[in-house]
Amino acid sequence: DPAEATSIATELIEAENAAVLTGAISSDIGLTVAPIAEDYEVPHIPQFVGSSEFLSRDSRYNFRMGLAPAPTNARAVAQFIEDQGFQNVGAIIADYSYGRAWEQSINAIFPDNVDVQMEVAPFGEDSCTTYLRSMPEDIELLITASHPPGVFTIYNQLQGLDDVNPEYIIGRSDAKLSANALGDSVTEGFIAQTQPDPFSDQYAEIGQRFYDETGEWFGVLNAVGYVVGDLISAAIEDAGESNPVSIAESIRNIELDTLFASPIQYTEWGELENLVQLMVGFGSGTPDYYPDGSISLTEEFRSEPLPAYDPSSDILS
């Protein structure tokens with residue numbers, strides 16, 4: 001509830017002297033709290049806010065974290081397409097701002113020699129079979145990350161079609177959530193596009209500690225929460241104090257090796273810079289740090305460092 005978020009953020013700052021705000025996994029909440037953070041000069045690091053409108057070139061107290069904007073994600077997918085040599089790609093576009101940002105980014109960024117079939121579906125659509133049947137039979141990659149609320153529905157409905165059979169389907173960023181939702185079928189070409197690196201030694205170490213304490217799988221949502229805490233701790237240590245203005249300055253100038261596939265670095269307006277993304281696939285087995293599982297993770301692709309999204313750009317590129 002954005003109105004509730006406004007009250008909570010203001011109370012945390014005014015009554016509790018909050019030095020940093022974090023927690024949100026919603027663009028609506030992130031966009032609501034962002035101007036409050038700027039007005040009060042308190043750094044705000046929502047965990048998952050992917051809206052391209054979250055930051056402006058004048059932002060100084062808001063920082064991107066677990067979900068890159070659509071243009072950045074589209075750049076990583078474009079690299080994946082070129083790496084795999086795909087010629088025919090499909091995308092289901094959600095008919096709201098984030099989905100339309102994907103549509104615009106695909107048009108601006110994808111290689112000219114790739115045929116892309118895009119179908120626009122309503123935000124709350126619960127049957128996407130018609131849109132899937134409109135895809136060419138020879139598509140090699142289907143993008144559903146451009147329709148976040150429908151990712152699992154689209155994937156499940158795709159399994160029932162014989163005439164549309166892409167090699168890969170790019171969906172949600174959280175491998176744990178995807179595996180839990182889709183079960184064994186997740187191994188049939190589903191890919192999670194992610195910023196934390198589940199194949200690093202540091203990730204395995206934290207994942208093992210998490211399992212020892214909770215008995216649970218350490219997934220991307222958990223990893224992003226850990227990175228936020230790591231970043232705040234490092235910024236306070238660098239600043240030598242818990243003053244919000246000093247913390248924000250430290251964050252802007254930091255280069256932090258943590259659980260992401262690339263060091264945390266920011267532009268002056270709080271966008272992630274030189275971000276590396278992974279395409280994570282699924283197989284049988286289990287991660288070493290989660291012996292109770294039945295799904296293992298496979299690295300399908302690792303992007304080159306991605307340029308920071310510039311909110312002053314005329315196109316989403």
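What follows is a short chat about the sheet, a side chain, some loops and a helix pair.

Modeller: Before you start, this is a predicted model, where local features need pLDDT of at least 70, side-chain atom pairs count only at pLDDT 80 or more, and totals for chains, interfaces and linings use all residues. Residues are numbered from 1 along each chain as its sequence is written, and side-chain values use heavy atoms, with hydrogens and water left out.

Colleague: Fine. In what order do the seven strands of the open sheet run?

Modeller: Strands here are DSSP E runs of at least two residues, helices are H or I runs of at least four, and both are numbered from the N terminus. Two strands pair if DSSP finds at least two bridges between them. Pairing in this open sheet is mixed, and the order is S4-S3-S5-S6-S7-S8-S9.

Colleague: Which residue in S4 stands opposite Val89?

Modeller: In general, strands of a sheet pair through backbone hydrogen bonds, either parallel or antiparallel. Strand S3, residues 88-94, pairs with S4 in the parallel sense over seven bridges. Opposite Val89 you'll find Val116.

Colleague: At about what angle does helix H3 run to S9?

Modeller: Axes are lines fitted to C-alpha atoms, for helices over the stretch in contact, and angles between N-to-C directions run from 0 to 180 degrees. H3, residues 70-84, lies across several strands, including S3, S7 and S9. Its angle to S9 is about 85°.

Colleague: Now Gln193: is this residue buried or exposed?

Modeller: Gln193 is found in strand S7. Buried means under 20% relative accessible area, exposed over 50%, and partly exposed in between, with a 1.4 Å probe and protein chains only. At 8%, Gln193 is therefore buried.

Colleague: Which side chain makes a polar contact with the side chain of Gln193?

Modeller: A polar contact is a pair of N or O atoms within 3.5 Å; within protein, one must be able to donate a hydrogen and the other to accept it, and residues adjacent in sequence count only if both atoms are side-chain atoms. The backbone oxygen of Asn73 lies 3.0 Å from a polar atom of the Gln193 side chain. The side-chain partner, at 2.5 Å, is Gln277.

Colleague: On to the loops. What is the phi of Asn17?

Modeller: Most residues other than glycine have a negative phi, and most peptide bonds are trans. Asn17 lies in the loop between helix H1 (2-14) and strand S1 (21-22), and is exposed at 62% relative accessible area. Though not a glycine, Asn17 has a positive phi of about 55°.

Colleague: And Asn274, how accessible is that one?

Modeller: Asn274 sits in the loop between helix H10 (244-252) and S8. Phi there is positive too, near 55°. Its relative accessibility puts Asn274 among the partly exposed residues, at 36%.

Colleague: Last one: which hand is the crossing of H1 and H2?

Modeller: The axes of H1 and H2 (residues 27-40) come within 9 Å and cross at roughly 30°. Angles under 35 degrees count as roughly parallel, over 145 as roughly antiparallel, 65 to 115 as roughly perpendicular and the rest as oblique, so H1 and H2 are roughly parallel. A crossing is left-handed if the near helix is turned anticlockwise from the far one by less than a right angle, and right-handed if clockwise. The crossing of H1 and H2 is right-handed.

Terms used:
Contact = heavy atoms within 4.5 Å.
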